[in-house]
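Let's take a friendly walk through this model together. Have the sequence and the 3D view ready.

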Amino acid sequence: MSLAKARAGRDGAARFERVFRPGESDPVVPPPDSPETLLLARIRDEAHRFAIQYHRKLRSKMAVDSALDTIEGVGDKWRARLLVRFGSVRGVREATVEELMSVPGLGRKRALRIQEHLREAE
């Protein structure tokens with residue numbers, strides 16, 4: 001079953017939540033302030049909130065993972081340090097080898113590998 005959100009019609013009049021059941025084309029229109037309607041609306045809203053939050057998490061993870069996690073020798077620790085120091089993958093990409101080496105513990109060899117990898121990915 002599904003719940004269609006209430007919204008104003010073309011004439012500006014408020015519409016009510018509609019419940020669609022499998023195999024039936026006509027919706028059921030429950031009373032707008034009934035406990036059942038309010039429960040269904042809260043369930044729908046929570047499902048939407050959860051889906052949006054999950055999608056945003058995936059999108060942000062993909063943006064960072066695709067650029068830094070594929071570099072040999074750069075794991076979670078180095079990724080976090082680089083992002084804290086330079087603010088974004090773009091900042092890391094635009095950094096010089098010397099700037100990359102300003103991250104405590106990051107040597108020339110790793111800095112060169114990071115720079116080469118990110119510039120190839122452009």
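## Confidence

What is the mean pLDDT of the protein chain, and what share of its residues reach 70 or more? This is a predicted model, and its chain has a mean pLDDT of 86, with 89% of the residues at 70 or more.

Confidence can also be viewed by element. Helix H4 (residues 97-100) has the highest mean pLDDT, 96, while H1 has the lowest, 82.

Is Glu17 buried or exposed? Its relative accessible area is 14%, under the 20% cut-off, so Glu17 counts as buried.

Setting aside neighbours within four places in sequence, Glu17 is in contact with a list of residues that includes Leu3, Ala4, Lys5 and Ala6, as well as Val28, Val29 and Pro30. Thr37, Ala41 and Arg44 are also among the contacts of Glu17.

## Salt bridges

How many salt bridges does a search of the whole structure find? The search finds eight. One of them joins the side chains of Glu17 and Arg44, with an N to O distance of 2.8 Å. This pair links distant parts of the chain, since Glu17 sits in the loop between S1 and S2 and Arg44 in helix H1, 27 residues apart. Both partners are buried, and the relative accessible area of Arg44 is 10%.

Another salt bridge brings together the side chains of Arg44 and Asp45, at 3.1 Å from N to O. Asp45 is partly exposed, at 35% relative accessibility. Elsewhere, the side chains of Glu98 and Arg108 form a salt bridge of 3.7 Å, N to O. Glu98 belongs to helix H4 and Arg108 to helix H5 (residues 108-120), so this pair ties together parts that lie ten residues apart in sequence. Arg108 is partly exposed, with 42% relative accessibility. As for shared partners, salt bridges join Glu17, Arg44 and Asp45 into one network.

## A nonpolar surface patch

Which residues make a nonpolar surface patch of about 330 Å²? The patch is formed by Phe50, Tyr54 and Leu58. Leu58 is located in helix H1 (residues 35-68), and its relative accessible area of 35% makes Leu58 partly exposed.

Terms used: Residues numbered from 1 in each chain as written. Predicted model: local features only at pLDDT ≥ 70, side-chain atom pairs only at ≥ 80, totals over all residues. Heavy atoms only, no water. Buried < 20%, exposed > 50% of the residue type's maximum accessible area, 1.4 Å probe, protein only. Contact = heavy atoms within 4.5 Å. Patch = residues over 30% accessible without salt bridge, like charges linked within 9 Å, V, L, I, M, F, W, Y side chains within 5 Å. Areas by Shrake-Rupley, 256 points an atom, 1.4 Å probe, with all protein chains shown as cover. Salt bridge = Lys/Arg side-chain N within 4 Å of Asp/Glu carboxyl O. Helix = DSSP H or I, 4+ residues; strand = E, 2+ residues; numbered from the N terminus. pLDDT = per-residue confidence, 0-100.
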